[in-house]
Each structure stands twice: as C-alpha cells, then as structure tokens.
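Hello,

Here is the structure I promised you. Please open it, then read my notes below alongside it.

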Amino acid sequence: MGPSGGVRTISQEAFDDLVRENMEDLGMDPTEAVQDAVETLSLQGVDLSGIVTSARGEGGAKDNPVIRCLDGLKRMDSDFKIQIHDKEVHSELVALFDQLAHLCVEECGNAAIAMRNGGVELVCSFCSKIPIECDRVLLSCLKPLTPMLYDIQSTETFKNSDGPRIIVGILKISKNFEILVNGFAAVAAAATGNEILKESFMELKIDELIMQILSNQREVCIQSVYDAIRALLTADDNRVVASQVYGYARKFAKAGIAGALVDSLHKGITSPSLVSACIALKSIAVNDEICKCIAENGGIDALLCCIDDSGEQGNKSIAKVSCSLLSKLAGSDANKNAIIEKGGFDRLIRLSSRFSEDPSVPQEVMSIISVLCLRSSDNAARAIEAGAGDLAMQSMQKFPSAQQLQRSSCLMIRNLVVRNAENRSLLLNNGIEKYIRKAKQNHESCRDAATDALRDLGLDDYNL
C-alpha cells in the first residue's frame, strides 16, 4: 500500500544519497549502509513503499530489475514513433513490458517500485501512441498497469496521466479479447476506492461500452467486465461524504446492463460467468424499480433454479451468491410474493439442509427469510411451516462460535415473531430463548440483534 495523507515520504534519490553517505563517511559496507538507512528512516516515520532498499552492487537502485526495465522503456518513449510493421521495435517493447508485468505480478513490492518511478505514466504514454493495429504490443503494454493501480496515490497518477480517456478509447476500438480483458481489469483497479475516477469513467460513457461488450461477447466470459461493474458501483472512497454510485447504478440499468446480466443467470450453474454476474447484478439492484425489472426478466426464476441446482451439485459458491442476490431482490414487496409463490421457503430450507455442515450457506438462507418476513405476519407463518424455526434452532446449536450466523438467526427470529403471536409461543416452547441469550452473552456483534429478538418474543427481561 502507498502512503496515506500526512505520512512522510522520501525519493529514491534521497534514499540512495543517505546510503552513499553511510558508505563514504562511516565506512559501512553496502548491506550495512542500506540497513542503517532503512532503520533510521523507519524510526522517523518515513514511508518506504516503492523505494528500492536492497543492496545490489555499487549501482544501488539502478541495479534493480524494475528500474532497469523502466529505464529501457523511458529511453524508447523519449523519441517514440512506432511503425505498424517495425517488428524489431515491437519485439523490444513486448519484451520490456512483459518483463515489467512479470515483476509486478511476482511481488507487490515491485509494483510499488514501478509506480513510484513513473511506471503508470509510462504505460499511459505508450498506450496513447501505440496504433490499435499493433495489438500484440498494446496487450503487453496493458498487462503491468493493473498491478500498479493499488492505492489512491497510484490511481490519482493514472487520472493525471489521462488514463481513463486512453483506456476507454482503446476498449471502444479494439476487438482483441485479451486487450478487453486487461483493459477492463485496469478500469476495475482504477475505479476501486476512487470516486473521482468512477465519475471520469461514467463521463466517458463506460456504461454504454459495457453494454456493447456484453451484447457482442455473449458466448465468452470476460471476468474483468463484471469486476469493473462492481468497482464502478461500490461506494468505497472514504474521502467523499456522499457517493454518486446510486445514480450510476440507475444509469447501468437504463442502459440495459441489468437485463444482459439476467441472461447470464438463465444459462444456469454451468455458466462460467454466473458468480460474477450475480455479484455485478447485486450492485445494480439499488431500488424497487430495478429489482422488479430484474424479476420481470426472469431473474427470480433463474435464481431459484440456480439455488436448486447448486444444492444438488454441492456448489457452495453459487449457492451463496444466488442467495445473496435473491435477498437483494426480495427487498421489493412484489418480489417477496413472487419468491414465496414459487416455493421459495421450501427451496431455501432444502438448500440449507444440503449445506448443514457449513454455517455460511444457512446464514445466507436466514438473511433471505428475514427479508421475506419483514412486516408480514402471513409470510412469517409460512416460513415457520417450511421449517425456518427449526433451521434457527439447529444452526444456533450447531455453530455457537459462528458470529455472523448467530446474528442472522437473531434477526430472522425477530421478523418471524414481531407480528405473529403464534410463532412466538412456538419458538419459546421449543427453547429458542437459551440460544439467543447464549449468542448475546458470547458475541458482541450479536448483542443488539439478540436483545431485539428477546424483546419481540415478549420477554420482559430482554435487557438482561
């Protein structure tokens, strides 16, 4: 990670000068000189990420393979005019960029060194100059970009290098599959944690581009496209008070992306893009209108089929993401009724029984049931009939140390009983109180949910 605001930094040149002074003035050998410099600067609170601190001969940082690679690229960039048929230059560039990508992926410290020494600026510069016809060179140029975009400092450098416009320009023109993969990976990395870059990409109509890609690449899975959707629609920049991602999600839905992602769900659990599509679709489903639109396009039917099939085939990852998305869609009252009428409670209880040895799936199931029963006495009664009460009892008893499961159980119990006196009596007679009190006692994260559940069960000493 790079330095956050207020942290002291040092340039590579200043670090090398300090090492040189240790050697010349104090007679230290290279290893001692570097170690002393690192210790001294660390005690002073100086951030050394991206600084070459290994003693590699008398050349210092210049002996580092990342620096050597960057120096080679800088020499070529200074008077760079690539010709489409200049195979010798092509080969040299490919070799340098491939080496840089290998070094950055091999060790995160190398990515920091590359970023700190102009790597992001170099890649953006070359990407703006390489003709689109030279797809082999362009692909190699893109590969080291994503690992170099790892924090605010690096993504701000990308923004200041006109990176968004350059990358989106390439993605709009290129038909090369690997270039699309690496280009959207860079979009995802750049947009993560950076609200300004999310806005920049939206201004460049990235939503329309993504819709075009999803329409044209129906038979293949470009994982990085789904990653980009998630990154663009996640409010994860702590520097801003109010994120704009809610509005972006509505634009994505209006562009048709939600419908295109539902198509991926219809392909079932054999689709390699199913998990990614569920995660991306969940980030778009931000309001009642979009949730209902997804349902009208067959999203609920497809998810319930995925839930059934994942249980039969023991596919936990698909079971969890399908439940998570279904829980989001269940936020719409119209969708609640549709899920229940399609046998949702029975199918969810059956799924939890098939993953009874893993708390993560029952936890997701109880989260959905909790949403389905919210403000509905009738739904709560149907949930109990399907076995939701037994699920809570068995799960809390079987996984006492699973904090999130214990909390989900308490939240579901509350919604099962708050408007249904019969459910209250049934659960109390079955001994649910002791499990809730145990969760409240053992897990700080469960205390509020457990207290609310005890209160809604009608117990006067719920605060104890």
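Start with Gln12. Its relative accessibility is 8%, so Gln12 counts as buried. Keep in mind that this is a predicted model. Gln12 is found in helix α1, which covers residues 12-26. What does the side chain of Gln12 lie 2.8 Å from? A polar atom of that side chain is 2.8 Å from the backbone nitrogen of Val52.

Next, the nonpolar cores. The largest one has 145 residues. Among the residues with the most contacts inside this core are Phe158, Phe201, Leu261 and Ile436. Helix α11, residues 177-191, gives the largest share of the core: nine residues. There is also a second, separate core. That one has ten residues, including Ile10, Phe15, Val34 and Val46.

Look at Leu261 in the largest core. Leaving aside residues up to four places away in sequence, Leu261 touches Leu214, Tyr226, Ile229, Ala277, Ala280, Leu281 and Ile284.

Last, the cysteines. How many disulfides does a search of the whole structure find? The search finds zero. Cys221 is in no disulfide, and the nearest cysteine sulfur, that of Cys278, is 12 Å away. Cys221 has 24% relative accessibility, so Cys221 counts as partly exposed. A disulfide needs the two sulfur atoms within 2.5 Å. Is Cys291 buried or exposed? Cys291 is buried, because its relative accessible area is 4% and the cut-off for buried is under 20%.

Best wishes

Definitions and conventions:
Residues are numbered from 1 along each chain as its sequence is written. This is a predicted model: local features need pLDDT of at least 70, side-chain atom pairs count only at pLDDT 80 or more; totals for chains, interfaces and linings use all residues. Side-chain values use heavy atoms; hydrogens and water are left out. A nonpolar core is a set of buried Ala, Val, Leu, Ile, Met, Phe, Trp, Tyr and Cys residues joined through side-chain atoms within 4.5 Å. Buried means under 20% relative accessible area, exposed over 50%, partly exposed in between (1.4 Å probe, protein chains only). Helices (H or I, at least four residues) and strands (E, at least two) are DSSP runs, numbered from the N terminus. Contact means heavy atoms within 4.5 Å. A polar contact is a pair of N or O atoms within 3.5 Å; within protein, one must be able to donate a hydrogen and the other to accept it, and residues adjacent in sequence count only if both atoms are side-chain atoms.
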